[in-house]
Structure formats: C-alpha cells, structure tokens
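Here is a set of exercises to work through with the model open beside you. Try each task before reading its solution.

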Amino acid sequence: MSKKETLCIGVILKFKMKILILGGTRFLGKKILNSLLKFDHQIWVISRRKVNIKNINFLNLEREKGIKNLKGIEFDLIIDFIAYKTNDILDIYINLSTKLYIFISTTWITRLWGGKIANEFRPINQNKNKLSPLTQNYLIGKYQCEDKIIKLVNKGFKAKILRLPIIFGQDEHTGRLNFYIERINDNKPIIQIKNKITKIQIGCSENIKTAFIKWLLICAEKQITIWEALPNPGIETKFFITKLAKSMNKKISFIDISKNELLNYLPEYLELEPFWREEELQISNSNIYKFINLPAEDFKNCSFGNKLKLKTSLRLKEINYFAKYQ
C-alpha cells in the first residue's frame, strides 16, 4: 500500500464513509456499530438475526445472498464478524470493492499449533492441541480465512486481521459469564482445580470497542496485517471470580478439588467450566493498545448487569458432592 493510499484511507476514516458490517448485531459488534452511527456514516449490515436499529441499511439475509445484493457498491470500509471459511473471504474479494477490509478473528487461533505469542501465524499441529471437535472446527475455519487474507494482501488486497480475546461486559451472550454468575448468586463455595493456577486474558467490551474505533484511524498506515487486542498479560481465575463477585456485591469462598477426582465424579464440570483449559499468551508487538493513546482495561472495569438466578442440574450435583468437605 502506497503512502498516498494510506493517507487517503486515514482521512476518509475521520469523515463520512460507506461502511459494510457483516454480522455485528449483538454484544461487541453492536457497540461498534452504534459508535460508527454517531459519526453519521452510511452503514449497511448483513445479518440473519433481525435487529431494530435506526439509520442503517439492513439486509436480513444469509451472508452470500447479502453480498450479491450489494455487488457494485464501493465501500470505504468492511468489517467482517462472520467469516468462517475460505469462500467467505473470496466472496468479499471477488464481489465487493473496499478501501479497507477488517476480518475479526480470535487469539484462540494460536492453540492450533501451540503458540505462545498472540500474533503468531504458523502451520497447524492438530496433534498438540486439546480442543473439542466444535472448537477445533471453528478455529480451523478462522485459520483458513487468515491464511487466504495473508495471501491476498501479498497481491495488493487492503486488509487487516484483528484477533480478539475473550470479552466480557453487559449483554455478554456466550454463557461463560453466566457459569460463574450462577455460582456466585447461590452463596455456596465455588470449585477450583487443586494445584492448578490458571491465568486468563479477558477484555472489557466497552474498552475494546473504544480501542477499535481509535485503531481504525491508524491501522491502514501500518505495515502490519495481523493485530491483536489482549488487555493484560494474564490474571488468575480466582482473582477474576472474586472481582466479578465484588461487582455483584457478593462474598464468595472456594473449594479445591483435584482434576482426577472431578473426572471421576463430576466430569460435566470439566466439560462446562469455561477457563480451566486457558493458556496464557504473550502480548505481541502488534497489540492495538500499543498504537493508540488508550490504556488497556480488563474485565474488572466492566459494568456487569447479568445478575441471573439459575440453578442448573450441574450446580446441584456440585453442591451435593462437595458437601462432604464442609
């Protein structure tokens, strides 16, 4: 990309643009969409999920059909939350014209080869990863998208990859947060795996949304294809749970049970607990916070509104099982 081209994109990003967002109708994507609307941009959204958002051109269609309907429009920016396979990238490249394409990926992708740094891209080593088939297929799809983008960038395609960490905040919808909200709410001890210190890297949705908007202003001029948005070098799970409880005005206690014991008597816990398999990554030299004037914030700065009152069958089993320790 020439200096003249990057300057042009940087100027356009500060003024009214034609923007296409694929997906992005809930949680972080919706926050980014609403932020862009404040700048009076002309925005198209393709999503299967119906939304009631004013001042957008909304196409309630499958991805492929939506892209075909927009063929011929020249966009200044495309933000893609829902590309999961190589053909999704090719559909954009072949059918649409854009000054900048941004592919939303995940820092988890490094697990496909046992990576240690958040912006690595290496051949997949499926023998080393310990992932469920569902997670592995999802990550392989994202990997194939990244691979195709890198090859197209070498041919002149103006694109950036942004890998996001686990993100929490109000309206979080993955179920990870609810797992611990349920346990905090019932005032019973929370299981942790004995002799295992797990560190997690969680971003705050409001902070990452703000960082993303600021990053848009500078990313085109940087000769970096793969970016990431890790907010911290890793925090212990117990610290996370304690902070989450504090945000809910709750006090909690923990009970340590060995992994082998859980495998024998409560295997469902290891299947559903969202963090015990977490692997800490090093923040890379293309961390977006290093390039913008904004401090990185993690989950403890979020406003949690998800105070659910649940009692799943797994939680009942947990309480009955660890009662013998009390």
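**Exercise 1. Find the residue in strand S7 that stands opposite Ile79, and describe how strands S5 and S7 pair.**

Step 1. Look across from Ile79: the residue opposite in S7 is Ile102. Strands here (E, at least two residues) and helices (H or I, at least four residues) are DSSP runs, numbered from the N terminus. This is a predicted model, where local features need pLDDT of at least 70 and side-chain atom pairs count only at pLDDT 80 or more, while totals for chains, interfaces and linings use all residues. Residues are numbered from 1 along each chain as its sequence is written, and side-chain values use heavy atoms, with hydrogens and water left out.

Step 2. S5 covers residues 77-80 and S7 covers residues 101-106; three bridges join them in the parallel sense. Two strands pair if DSSP finds at least two bridges between them.

Step 3. Another bridge partner can be found in S7: Phe103 is the partner of Asp80.

Step 4. Now go to the other neighbour, S1, which runs parallel to S5 and is joined to S5 by four bridges. Here Leu20 stands opposite Ile78 of S5.

**Exercise 2. Work out the strand order of the open sheet and name the strands at its edges.**

Step 1. Recall that strands of a sheet pair through backbone hydrogen bonds, either parallel or antiparallel.

Step 2. Trace the seven strands from one side to the other: the order is S3-S2-S1-S5-S7-S8-S13, and the pairing is parallel.

Step 3. Strand S3 (57-59) and strand S13 (226-228) each have a single partner strand, so one side of each is left without a neighbour in the sheet.

Step 4. Neighbouring strands of this sheet are turned by 20° against each other on average, direction ignored.

Step 5. Within the sheet, six bridges link S7 and S8 in the parallel sense, and Thr106 has Leu164 in S8 as its bridge partner.

**Exercise 3. Decide why S7 can be called largely enclosed.**

Step 1. Use the cut-offs: buried means under 20% relative accessible area, exposed over 50%, and partly exposed in between (1.4 Å probe, protein chains only).

Step 2. Six of the six residues of S7 are buried, so the strand is largely enclosed by the rest of the structure.

Step 3. Check both faces: Tyr101, Phe103 and Ser105 are buried on one side, and Ile102, Ile104 and Thr106 are buried on the other.

Step 4. S5 can be checked in this way too: Leu77 and Ile79 point one way, Ile78 and Asp80 the other way, and all are buried.

**Exercise 4. Describe how helices H4 and H5 lie across the strands and pack together.**

Step 1. Helix H4 (residues 86-95) lies across strand S1 (18-22), S5 and S7, at about 170° to S7. Axes are lines fitted to C-alpha atoms, for helices over the stretch in contact, and angles run from 0 to 180 degrees between N-to-C directions.

Step 2. Helix H5 (residues 133-153) lies across S7, strand S8 (159-164) and S13, at about 150° to S7.

Step 3. The axes of H4 and H5 are 7 Å apart, and the packing angle is about 35°.

Step 4. Thr86, Ile89, Leu90 and Tyr93 of H4 meet Gln144, Cys145, Lys148, Ile149 and Leu152 of H5. Contact means heavy atoms within 4.5 Å.

**Exercise 5. Is Lys160 buried or exposed, and which residues does it touch?**

Step 1. Locate Lys160 in strand S8.

Step 2. Lys160 counts as buried because its relative accessibility is 5%.

Step 3. Leaving out residues up to four places away in sequence, Lys160 touches several residues, among them Tyr101, Ile102, Phe103, Trp215 and Trp227.

Step 4. For a distance, take Gly141, 19 residues apart from Lys160 along the chain: their C-alpha atoms are separated by 17 Å.
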